[in-house]
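Have the viewer open as you read.

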Amino acid sequence: WDLLLEPGFNWDCEGEASATMAGITGLSVVERALLAQKTNAEKGPLYCSRRPYDGQGSVRQFKDYHAATRGGTGTMEMMALSQAGSKPRTAEQSAAVAGGLTTILREDGSEVPAYTSNPQPGGPGIVVVQEWWGVNDQVKATAGDIALACGATVAVPDLYRGQLAYEAAEANHIMSGLDWGGAVQDVQACARWLKDQGCTKVTVVGFCMGGALALGSGVLVGEVDASIAFYGWNGGLADVSQMAKPTQCHFGDLDEQKGFSDKETADALEGELSKSGCPLEFYRYPTQGHGFMNSTEWGRGMQAKLGRPEVEVAEI
């Protein structure tokens with residue numbers, strides 16, 4: 001943290017921070033992600049956005065941490081929690097992603113920080129791709145659930161390199177800066193890593209933004225053997241009418257995300273995938289809106305805040 005407090009890291013203590021990354025040059029991507037996910041026990045996740053948000057969120061909390069640590073009172077943990085009230089990981093789930101934060105190399109030599117489970121050679125490999133909130137505890141818990149249920153090795157690439165969002169406007173701001181092609185390369189690196197660990201086949205499962213990336217990766221990434229997409233499609237990322245991998249999709253009929261995951265978009269996606277001739281399962285949820293797989297306390301609260309239907313676990 002001393003690196004972040006060097007003169008090259010500028011703070012505007014009255015307004016938002018104007019942060020340059022001059023103070024952390026020389027650190028690897030994983031080291032930066034670990035720094036970014038330091039947590040203050042009282043104030044929650046504290047991270048420095050590479051692209052500071054205009055609202056509160058990351059910059060506010062990083063400034064809180066800066067004040068606390070300068071006073072010598074900060075208590076730190078290595079794992080960032082997600083939003084207040086989110087689903088905590090059980091001991092079994094924690095064991096399922098016990099590999100921790102792993103450095104995985106892309107084809108271009110750059111590093112991908114990814115949460116991984118202990119390898120299960122000969123079993124399936126699953127890349128779990130985040131929603132637009134970032135790799136929060138809910139995503140890690142979901143990855144742990146999948147690893148336990150499937151006897152799989154999982155990898156969760158941190159596409160935001162440590163950033164988390166707490167409000168929809170902040171999440172949209174961060175996602176708007178996503179390099180989609182680079183994110184596909186992150187998924188490819190994780191798929192290759194899973195096969196290097198002895199996994200026979202690799203599936204990509206993603207939610208929201210991650211669902212769109214799961215579909216794109218199914219078309220573009222040779223190492224991916226199947227795709228599962230929850231409520232997300234970026235039609236400009238890849239031509240899904242060329243999909244050759246088994247594909248499964250899950251969309252809510254009351255989804256309000258026009259052009260991305262609403263019913264009309266889901267209809268169009270199903271039509272394009274049907275043209276491909278790939279093995280296809282397409283599930284619809286008549287009473288559900290966007291984000292229905294997050295049934296945590298925080299998730300339910302956010303659904304209500306955004307005016308979405310209540311998550312009905314029984315239907316799902």
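## Ground rules and a buried cysteine

Burial here goes by relative accessible area: buried means under 20%, exposed over 50%, and partly exposed in between, using a 1.4 Å probe and protein chains only. By that cut-off cysteine 208 is buried, because its relative accessible area is 5%. Cysteine 208 also has a positive phi of about 60° although it is not a glycine. Look for it in the loop between β8 (202-207) and α7 (209-220); helices (H or I, at least four residues) and strands (E, at least two) are DSSP runs, numbered from the N terminus.

Keep in mind that this is a predicted model, where local features need pLDDT of at least 70 and side-chain atom pairs count only at pLDDT 80 or more, while totals for chains, interfaces and linings use all residues. Residues are numbered from 1 along each chain as its sequence is written, and side-chain values use heavy atoms, with hydrogens and water left out.

## Helix α4

Helix α4 covers residues 137-150, 14 residues in total. From first C-alpha to last it reaches 20 Å, close to the 20 Å expected at 1.5 Å a residue; the expected span is 1.5 Å times one less than the number of residues. Ten of the 14 residues of α4 are buried, so the helix is largely enclosed by the rest of the structure. Among them are Val139, Lys140, Ile146 and Ala147.

What caps the N-terminal end of α4? Asparagine 136 does, with a side-chain oxygen 3.1 Å from the backbone nitrogen of glutamine 138. After α4 comes glycine 151, with a positive phi near 60°.

## Salt bridges

The structure has 15 salt bridges, each a side-chain nitrogen of Lys or Arg within 4 Å of a carboxyl oxygen of Asp or Glu. In one of them, aspartate 186 meets arginine 161 at 2.9 Å, N to O. That pair links distant parts of the chain, 25 residues apart: aspartate 186 sits in helix α6 (residues 180-196), and arginine 161 in the loop between β7 (153-157) and α5 (168-176). Both partners are buried, and arginine 161 has a positive phi too, near 55°.

Glutamate 167 and lysine 305 form another salt bridge, with their closest N and O atoms 2.7 Å apart. Here the partners are 138 residues apart, glutamate 167 in the loop between β7 and α5 and lysine 305 in helix α9 (residues 297-305). Glutamate 167 counts as partly exposed because its relative accessibility is 35%, whereas lysine 305, at 54%, is exposed. Glutamate 270 also pairs with arginine 284, again with 2.7 Å between the closest N and O atoms. This one links helix α8 (residues 263-276) to strand β11 (residues 280-285). Salt bridges that share partners also join Arg106, Asp108, Arg161 and Asp186 into one network.

## Cavities

On a 1 Å grid over the protein atoms alone, a cavity is a set of points where a 1.4 Å probe fits but cannot get out, and lining residues have an atom within 4 Å of a point. The count comes to two cavities of 30 Å³ or more.

Residues lining the largest cavity include Glu131, Trp132, Trp133, Asn294 and Arg308. The lining divides into four nonpolar, five polar and two charged residues; Ala, Val, Leu, Ile, Met, Phe, Trp, Tyr, Cys and Pro count as nonpolar, Asp, Glu, Lys and Arg as charged, and the others, Gly among them, as polar.

Technical notes:
A polar contact is a pair of N or O atoms within 3.5 Å; within protein, one must be able to donate a hydrogen and the other to accept it, and residues adjacent in sequence count only if both atoms are side-chain atoms. On a 1 Å grid over the protein atoms alone, a cavity is a set of points where a 1.4 Å probe fits but cannot get out, and a pocket is an open set with protein on both sides within 12 Å along at least five of seven lines; lining residues have an atom within 4 Å of a point. Grid points are joined across faces, edges and corners, and a volume is the space filled by probe spheres set on the points.
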